[in-house]
Protein chains: 2
Amino acid sequence: MTLLAKNPRLPYFAVVFTSLRTPDDPEGYAVMSDRMLQLAPAQPGFLGVETARGDDGLGITVSYWSSLEAIHNWREHAEHRLAQLRGRSGWYREYRLRICRVEREIQFESDGPCPSN
Amino acid sequence: MTLLAKNPRLPYFAVVFTSLRTPDDPEGYAVMSDRMLQLAPAQPGFLGVETARGDDGLGITVSYWSSLEAIHNWREHAEHRLAQLRGRSGWYREYRLRICRVEREIQFESDGPCPSN
């Protein structure tokens, strides 16, 4: 089991979500965050997710999807919509969300480099 | 000054680099990492960078570029090539590098949501 998302077949899509938290409600935020990481993989078209938050407070979550429609549907998911609303009203000081088409990928595992495309 | 990269004019490109470290050489790794974050902004076509590493060891760095050519040139930069080599020979247990075209973006600042595209 690795924390890195597997490489699905190209082309696919990535949602890069970068955020700065407010100091508000760390417990509520953690519950929501865990819940979203549990819900997203159950959505049609979900391919993987990677997430990290450093000591400086910058968080980056990249989720991978088979189509723009799958991304749209996940953004409109009722429970996710509620999380977005609470994010804007309290948890996040600032965020950027970028929807990207993955055009090329390279992977490395420590037994040797292995460009996959 | 914010840790989040500004939104440049679309379309532009993102390099999503996700990695798991080995326990080796934390000092050498930190020096290289700082140096790359200093060098990259001096390259033609560089638009911004965001980076985070969580307590579970997963690191995500997203850099933004004006063109695929700018990404290619940065990958071929001599000092960066050396860092890549040392990364594969010791610092990284595993990584993925995904080159993406940013198709849409949304930003939020806590004084109100402001979709930019």
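Here is a walk through this predicted model, from the overall layout of a chain down to a few single residues.

Let's start with chain A as a whole. Its secondary structure comes to 3 helices and 5 strands. Along its principal axes, the C-alpha trace spans about 45 × 35 × 25 Å. Of the 117 residues in chain A, 50% are buried. Now take the contacts in chain A with a separation of 6 or more: 73% of them are between residues 24 or more positions apart.

Next, look at how the helices sit against one another. Find helix α1 of chain A, residues 26–39, and helix α3 of chain A, residues 78–91. Their axes come within 11 Å and cross at roughly 150°. Angles over 145 degrees count as roughly antiparallel, and therefore α1(A) and α3(A) are described as roughly antiparallel to each other. The crossing of α1(A) past α3(A) is left-handed. On the α1(A) side, the residues in contact are A:Gly28, A:Tyr29, A:Met32, A:Arg35, A:Met36 and A:Leu39. Across from them, α3(A) brings A:Glu79, A:His80, A:Ala83 and A:Trp91. Sorted by class, this contact has 6 nonpolar, 2 polar and 2 charged residues.

Helix α3(A) has another partner to look at: helix α2 of chain A, residues 68–76. Here the axes are 5 Å apart and the packing angle is about 70°. Anything from 65 to 115 degrees counts as roughly perpendicular, and that is why α2(A) and α3(A) get that label. From α2(A) come A:Trp74, A:Arg75 and A:Glu76, which meet A:Ala78, A:His80, A:Arg81 and A:Gln84 in α3(A). This contact divides into 2 nonpolar, 2 polar and 3 charged residues.

Now bring in chain B. Chain A can be laid on chain B with an RMSD of 0.0 Å, using a turn of 180° and a shift of 0.0 Å along the axis. The two copies are thus related as by a two-fold rotation axis. And how do they meet? Of the interface residues of chain A, 100% are also interface residues in chain B, so the copies meet through the same surface.

In chain A, a cis peptide bond joins A:Leu10 and A:Pro11, with omega about -10°. A:Pro11 belongs to the segment before β1 (12–21) of chain A. Over in chain B, the bond from B:Leu10 to B:Pro11 is cis, with omega near -10°, and B:Pro11 is in the segment before β1 of chain B.

A:Asp25 isn't a glycine, yet its phi is positive, at about 50°. With 32% relative accessibility, it counts as partly exposed. B:Asp25 has a positive phi of about 50° too, and with 31% relative accessibility B:Asp25 is partly exposed.

Our last stop is B:Gln107, which has its place in strand β4 (residues 92–109) of chain B. Its relative accessibility is 17%, so B:Gln107 counts as buried. B:Gln107 and B:Lys6 are 101 residues apart in sequence, but 9.3 Å apart in space, C-alpha to C-alpha.

Terms used: Residues numbered from 1 in each chain as written. Chains lettered and ligands numbered in written order. Predicted model: local features only at pLDDT ≥ 70, side-chain atom pairs only at ≥ 80, totals over all residues. Heavy atoms only, no water. Axes fitted to C-alpha atoms, helices over the stretch in contact; angles between N-to-C directions. Helix = DSSP H or I, 4+ residues; strand = E, 2+ residues; numbered from the N terminus. Parallel < 35°, antiparallel > 145°, perpendicular 65-115°, else oblique. Left-handed = near helix turned anticlockwise from the far one by under 90°. Contact = heavy atoms within 4.5 Å. Nonpolar A, V, L, I, M, F, W, Y, C, P; charged D, E, K, R; others polar. Least-squares fit on C-alpha atoms with pLDDT ≥ 70 in both. Buried < 20%, exposed > 50% of the residue type's maximum accessible area, 1.4 Å probe, protein only.
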